Amino acid sequence: MSHFHRPHRLLFSFFLFAVGLAFAAEMPEWKKALSPPDDGWKQTRQHFFFNNGAEPETLDPAIVTGVPEARLVEALFEGLVSPDPVTLEPRPAVAERWEISDDRLVYTFFLRETARWSDGKPLTATDFLLSWERALAPATASSYSYQLFPIRNAQPFNEGKIATFSEVGIEVLDARTLKVTLEAPCPYFLDLVGFHTLFPVPMAIVKEHGDRWVRAENIVSNGPFKLDRWDPRQQVTMSRNPHYWDRDFVKLDMVTAYPYDDLDTAYRLFLQGKIHYMDGVPVGKIEEVRRHPDYVVSPYLGIYFYRFNTTKPPFDDARVRRALSMGFDRGIITDQVLKAGQQPAAYLCPPVAGYQPVDGLRYDRDEARRLLREAGYGEGGKPFPTIEILYNTLEAHKKVAEAIAQQWKRNLDVEVSLRNSEWKVYLADQESLNYQICRASWIGDYLDPNTFFDLFAKESGNNRTGWSNPQYDAWLQATQTESDHQSRMRIFRQMETLLVEEECPIMPIYLYVCQSMVSERLCGWYPNIRDRHPLHYVWLEE
């Protein structure tokens, strides 16, 4: 997956940061390289249509957890930095520049004078402070609140151990200057401030309208686009934000996102030229799709796995969880069901930033059956109960679940039923542990193993297994302060061994690849390991 990394540029950037230099305010060469080569695009109607794959749960940056919502939120809002569409390096966004102290503990962000909300009001450092306070407040119930934990005293505030937010390491020096002090050096902190949980939200609008603040008639945002309409189960429509600081660089005038989870429908629309992009392709048509010139497949920093609800039998027994993880052949899933280059994986974290994962539990039918007998099931014991797999509605999830269920029946004599739900219901059931086994996935939010391992900390809002382990949490805490790279990687491997070989609250299945249909008319769309494509840089040509 290092194919999409640009290590020489990243090292150069970190060198600049270490000596406290700032990015220039004028358009740099990297940005010029992302511009159209000529004015031909001006002759084309700049209305981008795409399939987003699901009805969004919300458009509140502090609440969003799913990829479909993140795509929309990243068009409507913007943080202090944003990712380069090619390299994913943090680029100046609301912050025109920043400085980092020699000890890498203090970040000072200098906001643009031209930063505005979509209603034309100035965007200030106080907006960030209040938005981050809201994301950390327990009442907000942000599943991603832990993304702010590198900041001094952020975690104690979130856990109620500190009552006053003034003790958290976030300080407004003036209307355009924000100072952030960390607990310890965090090599990926700039990536975090470009993540949607740390986007600013209009607190006056939030307080006035409550949960309804994200409705089209109420919402105020600060990104390159503003929300025009949100027709549930039909479409989300956005138009160019006339108050966006970089509005002259934005090429698209309109964006329409469809929520179709039926990829056959989306594929038909793509072939008819009615949409320019779709994420994912119909599994049943993979052979046809692979021959299409607009089919794009590339590496992805993501893992497909199943969660076990460890709070209820039979999955409160780690032996059962290990048995099921060893009781099927992952290669059958990737090679015979999906057939798009996915790689079998019995580990959680893909290779990233020098990390090499552990082996995990490989297919071993005899050992799986022995573990079930040891847990009291099968030969001489009680019959294993029928179990249920929950997945959100999508053909690929159904086929994967069916293939695993067939193997468990054949190898372990375990009966399985399937339950599919629309996206919102699926998320709610997963959050409330209203499942036995649940289809899941995780896409790295930044290029560091921590983005996978902090998921299963006790306090993580995205854990959703009912499992926790004090040793795991202690190791995670140690990685936050360990300065030696190799030692830090060894700790992560210890955590992964505990997670996927011993305790097994999850069952990894395969490494994702990005599969998309991308119209030849769509420009400024670059494959990258996180599948992030800021619409700020996109345009259409005939």
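A residue counts as buried when its relative accessible area is under 20%, as exposed when over 50% and as partly exposed in between, using a 1.4 Å probe and protein chains only. Cys504 has 0% relative accessibility, so this residue is buried. The model is a predicted one, in which local features need pLDDT of at least 70 and side-chain atom pairs count only at pLDDT 80 or more, while totals for chains, interfaces and linings use all residues. Residues are numbered from 1 along each chain as its sequence is written, and side-chain values use heavy atoms, with hydrogens and water left out.

Let's stay with Cys504 for a moment. You will find Cys504 in the loop between helix 17 (485-503) and strand 17 (506-518); helices (H or I, at least four residues) and strands (E, at least two) are DSSP runs, numbered from the N terminus. Not counting residues up to four places away in sequence, Cys504 touches Phe308, Arg321, Arg322, Leu361, Leu498 and Leu499, where contact means heavy atoms within 4.5 Å.

Now turn to helix 14 (residues 423-431), where Trp423, Tyr426, Leu427, Asp429 and Gln430 are buried. Seen down the axis of helix 14, these residues fall within an arc of 165°, so they line one face of the helix; the arc is that of the directions from the helix axis to the C-beta atoms. An α-helix has 3.6 residues a turn, so residues three or four places apart point the same way. The cover over the buried residues of helix 14 includes helix 3 (67-76), strand 12 (295-308), strand 14 (387-392), strand 15 (416-421) and strand 16 (437-443). Just after helix 14, Leu433 takes a positive phi of about 60°.
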